[in-house]
Amino acid sequence: MLDLKILGGRIRELRRKRGLTQTAFAEMLGVSFQAVSNWERGIAPPELETLIRIAAQFGVLVDELLRTGDEPLCLGVDGGGTKTEFVVASVDGRVRDRFVRGTSNPNDIGFEAAFAVVSEGIRDALVRCPGVVSAFCGLAGISAGNRSGQMAELLREKYPSLRLQVRTDSANLFGMDDEADLAVVCGTGSVVFVRQGETSVRLGGWGYLFDSAGSSYDIGRDAVAAVLSAEDRREPCGSLGELLYRRLETDDLFSVIPKLYDGGKPFIAALAPLVFEAFRSGDKTARAILEKSAARIGELLSDGVRLCGVRKKAIAGGGLFSHCADVYLPLIGQYTDVKVTVSPYPPVFGACRQSVRLAGKAIAETFGETFWNTYGGETA
């Protein structure tokens with residue numbers, strides 16, 4: 001973590017090289033003389049924006065100003081349709097810091113907003129853990145066009161001292177299992193990727209406007225549509241309808257359509273677990289919805305094997321597999337002979353492993369165990 005004494009010493013050294021007194025330096029930055037004195041004595045750090053201005057004044061990078069010289073650290077970034085997770089780990093897998101920001105999917109919030117989420121997250125990671133030397137960003141929705149290349153170029157301009165890569169979120173899954181040739185993501189959105197050397201081929205993943213099945217959003221939307229249709233026909237809505245009514249605090253789903261539109265894709269996707277709950281109770285409508293989605297995923301996996309001639313093994317990630325694998329995996333298995341496994345680790349684990357490789361380090365045999373033991377507990 002940040003060593004205030006080291007930071008203060010570097011600020012003092014740079015100020016003196018410029019021939020500035022503490023008073024002149026304070027006036028240049030628009031802060032008090034006492035603030036500069038506190039920085040240089042290691043009593044308190046500058047505010048983040050002030051720290052950026054200090055680095056600019058002296059012509060150095062913020063991460064160079066903060067770096068402590070400790071062991072190299074690696075940053076893994078997992079960007080999904082709901083959240084973006086940042087984890088800093090040592091090369092042996094020990095988690096040093098982790099935090100979450102909002103979605104970084106450019107399909108949902110636009111490229112500029114997505115870049116801001118990732119860039120500001122990297123900046124915060126560098127401030128919190130100055131020893132970071134590499135950053136691997138696996139981001140949902142980045143594969144269309146050349147957005148991954150654009151994102152990487154902009155990030156390298158901002159953080160030139162980092163070894164940095166931007167890939168799709170499938171790269172995080174491939175980073176978790178070196179033997180899987182396919183990766184399937186079923187979260188807010190859904191997509192299948194096929195490993196092809198250092199790159200991958202995408203199947204599906206067209207975004208919620210064009211995909212029709214496989215994701216939490218699709219399942220939640222189909223559930224709402226099924227209950228609305230039953231209401232229009234004045235027919236019973238079954239256990240699925242009861243669960244939706246209870247969650248949305250209504251007995252008339254049509255009356256809360258404005259609430260559903262206001263909540264948008266994440267709100268509707270969050271209704272998907274209710275469909276699995278209804279399925280477990282024997283609801284026929286819920287079964288039809290889930291079988292439709294499972295068939296879509298099975299079709300994509302089988303197409304990946306047929307088109308690319310790869311091994312029939314897939315690594316799965318995303319909220320549906322994290323919370324509903326007991327139902328979803330058997331359903332998918334009805335539509336493909338590809339073996340689908342769910343890693344016990346979060347996708348950001350794969351991003352950290354990729355970041356370690358990016359730093360030029362080998363993956364330790366105990367990396368997974370060390371990561372797991374420190375990911376959920378207290379971080380340094």
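This note covers the salt bridges of the structure above.

1. The model is predicted: local features need pLDDT of at least 70, side-chain atom pairs count only at pLDDT 80 or more, and totals for chains, interfaces and linings use all residues. Residues are numbered from 1 along each chain as its sequence is written, and side-chain values use heavy atoms, leaving out hydrogens and water.

2. Side chains of opposite charge can pair when their charged atoms come close. A salt bridge here is a side-chain nitrogen of Lys or Arg within 4 Å of a carboxyl oxygen of Asp or Glu. The whole structure holds 24 salt bridges.

3. Start with E13 and K17, whose side chains form a salt bridge at 3.4 Å, N to O. Both sit in helix 1 (residues 4-17), four residues apart, so about one helical turn separates them. Helices are DSSP runs (H or I, at least four residues), numbered from the N terminus. E13 is partly exposed at 43% relative accessibility. K17 is exposed at 66%. The cut-offs are: buried under 20% relative accessible area, exposed over 50%, partly exposed in between (1.4 Å probe, protein chains only).

4. D222 and K292 also form a salt bridge, at 3.3 Å, N to O. D222 is in helix 10 (residues 216-232) and K292 in helix 14 (residues 284-308), so the pair ties together parts 70 residues apart in sequence. D222 is buried at 13%, while K292 is partly exposed at 41%.

5. R280 and D326 meet in a salt bridge at 2.9 Å, N to O. This pair links helix 13 (residues 272-280) to helix 15 (residues 319-333), with R280 and D326 46 residues apart. R280 is partly exposed at 45%. D326 is exposed at 53%.

6. Finally, a network of salt bridges links E49, R101, R123 and D124.

Definitions and conventions:
Helices (H or I, at least four residues) and strands (E, at least two) are DSSP runs, numbered from the N terminus.
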